[in-house]
Number of protein chains: 2
Amino acid sequence: MAPSSPEVLLWQRARDPHTGRWALPGGRLGATEDVEASVRRHLAEKVDLGEVAHVEQLSVFSDPHRGPAPRRVATAFLGLVPSDADPAVPDDTAWHPVDALPPTAFDHGEITRAGLDRLRAKLSYTNIGFALAPEIFSISELRRLYASALGHRVSATNLQRVLTRRGVLVPTGSTAAPGPSGGRPAALFRFSEHRLRVTDPFATLRPPDC
Amino acid sequence: MAPSSPEVLLWQRARDPHTGRWALPGGRLGATEDVEASVRRHLAEKVDLGEVAHVEQLSVFSDPHRGPAPRRVATAFLGLVPSDADPAVPDDTAWHPVDALPPTAFDHGEITRAGLDRLRAKLSYTNIGFALAPEIFSISELRRLYASALGHRVSATNLQRVLTRRGVLVPTGSTAAPGPSGGRPAALFRFSEHRLRVTDPFATLRPPDC
DNA sequence: GCAAAAGTGTTCTGGCTACACCCATGG
DNA sequence: CCATGGGTGTAGCCAGAACACTTTTGC
């Protein structure tokens, strides 16, 4: 069975065009901010998401017919919050699993897929997991997060070894209490860094011996 | 010694702001085109570059102070032409090696570096070389192109094997005439595809056994 | 003791690098 | 026949996947 998927925050439009359809949070670029600042501002204003763990630019969506006139050009971003974040969201706003999106407004479905693709790719070769995981977590929890985002099973054994070898994961020394049905207590880890870093640079055609 | 670097097409500004500095080709987005169409149109209009082998979006540059008022938001692109392309360029336009840029206008130096970084990364894990190489080429020629773009020496032996294993390179059967000082005639190759394809997907954390 | 959950040891594989060696041509 | 430029054979390395086995808990 496929693991459950990550979720996107969407708000339901109350007026035309596309009344009732679900849209990504966002808005106009201010005169004195760059696009990233604008994204952070809109998230903080419209939804209670002042603490976004990671934000990165996806791509520009500029099809002249992506929405009704007047023509709009959108710079799409991927923003991630940890699994234990629980922002207070307005009534018209809700989290939706990316593999079962409600009817989306404009090209926001396409944008969402682009975000998921980017996340999946970066899980492989960067430490981007820091933006999905709580501050402290067990390997099993992390495994569930990775499996959910990637859409396939992930081996806890290998996940731990890969991330440890890369210096991404640091043991805290403490352990979690076992569940009601027993089992060995899980060791707890945290990410060594909370900034995006490429941990597995493309090795192919690398410089000779240096 | 470092190999010679790839070149960027720049034009010299004739008026304020930044008179005399060198700028990337580009211009305003039209009302009925998307950003990629706009890039292709500007290249075709301003310089004789109707035949760009590959175009891809880099990123949006939107610092409110990236240029004088009025504020402009730029969507930067990477465009590649084969090494044997020789477009007729206007008088105010010239190719410059990326490792020795003349004084650049606005943030165009930064944009150029971003383009080079993107090219370097993609040389490792895609077939993007098709956009740099002539239709038919020897491994030595291709080696020079890769070394120049990557900024370090590249082994012809391994380059051939990597690209062949990935199915990117196809032998044509013919050979090139040796140079004046002799030497074995080089076998000639071409790229199997002229569309970007990821040839070395990130293997880490791939799905189990399937 | 037994089931459940977590963690370790070990082997195998495949892609890439490195390097020694072999091939074809001009003078 | 030798210098020059091309091409092949082969060994080693390393990251990751797979899987069997061990450890620590609740009941």
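Me: Which of the residues of chain B comes closest to the rotation axis?
Reply: In this predicted model, a rotation of 180° with 0.0 Å of shift along its axis superposes chain B on chain A, at an RMSD of 0.0 Å. The two copies are thus related as by a two-fold rotation axis. Judged by its C-alpha, which lies at 3.4 Å from that axis, the residue of chain B that comes closest is S59(B).

Me: What percentage of the contact residues of chain B recur in chain A?
Reply: The contact takes 34 residues from chain B and 34 residues from chain A. The same surface serves both copies. The share of the contact residues of chain B that recur in chain A is 100%.

Me: Which residues of chain B lose the most area to chain A?
Reply: Between chain B and chain A an area of about 2500 Å² is buried, and carbon and sulfur atoms give 65% of it. On the side of chain B, three residues together account for 26% of what that side buries. Those that lose the most area to chain A are F202(B), T204(B) and L205(B).

Me: How many salt bridges are counted between chain B and chain A?
Reply: Across the interface, 10 residue pairs are found in polar contact, both residues being at pLDDT 80 or more. A salt bridge requires a side-chain nitrogen of Lys or Arg within 4 Å of a carboxyl oxygen of Asp or Glu. Between chain B and chain A, the count of salt bridges is 0.

Me: Which element gives the most residues to the side of chain B that touches chain A?
Reply: The elements of chain B that give two or more residues to this side are β3 (54-61), α2 (108-125), α3 (139-150) and α4 (156-165). The residues of the side divide into 17 nonpolar, 9 polar and 8 charged. With 4 residues, the element that gives the most is α2(B).

Me: Why is one side of each of β6 and β7 of chain B left without a neighbour in the sheet?
Reply: In chain B, 3 strands form an open sheet in the order β6-β8-β7, with antiparallel pairing. Strands β6 (137-138) and β7 (169-175) stand at the edges, so one side of each is left without a neighbour. The reason is that each has a single partner strand.

Me: Over how many bridges do β7(B) and β8 of chain B pair?
Reply: V170(B) stands opposite R190(B) in β8(B), and T175(B) stands opposite A187(B). Strand β8 comprises residues 187-191, and its pairing with β7(B) is in the antiparallel sense. The number of bridges between β7(B) and β8 is 4.

Me: Which residue in β8(B) is the bridge partner of F137(B)?
Reply: β6(B) and β8(B) pair in the antiparallel sense over 2 bridges. For F137(B), the bridge partner in β8(B) is F189(B).

Me: What is the phi of H18(A)?
Reply: Most residues other than glycine have a negative phi, and most peptide bonds are trans. In the loop between β1 and β2 of chain A, where H18(A) is found, P17(A) also has its place, and a cis peptide bond joins D16(A) and P17(A) with omega of about -5°. H18(A) is not a glycine, yet its phi is positive, at about 65°.

Me: Where does P70(B) lie?
Reply: A cis peptide bond joins A69(B) and P70(B), with omega of about -5°. The place of P70(B) is the loop between β3 and β4 (74-80) of chain B.

Note on methods
Residues numbered from 1 in each chain as written. Chains lettered and ligands numbered in written order. Predicted model: local features only at pLDDT ≥ 70, side-chain atom pairs only at ≥ 80, totals over all residues. Heavy atoms only, no water. Pairing = 2+ DSSP bridges. Contact = heavy atoms within 4.5 Å. Buried area = accessible area lost by both parts, 1.4 Å probe. Polar contact = N/O pair within 3.5 Å; in protein donor to acceptor, adjacent residues only side chain to side chain. Nonpolar A, V, L, I, M, F, W, Y, C, P; charged D, E, K, R; others polar. Least-squares fit on C-alpha atoms with pLDDT ≥ 70 in both.
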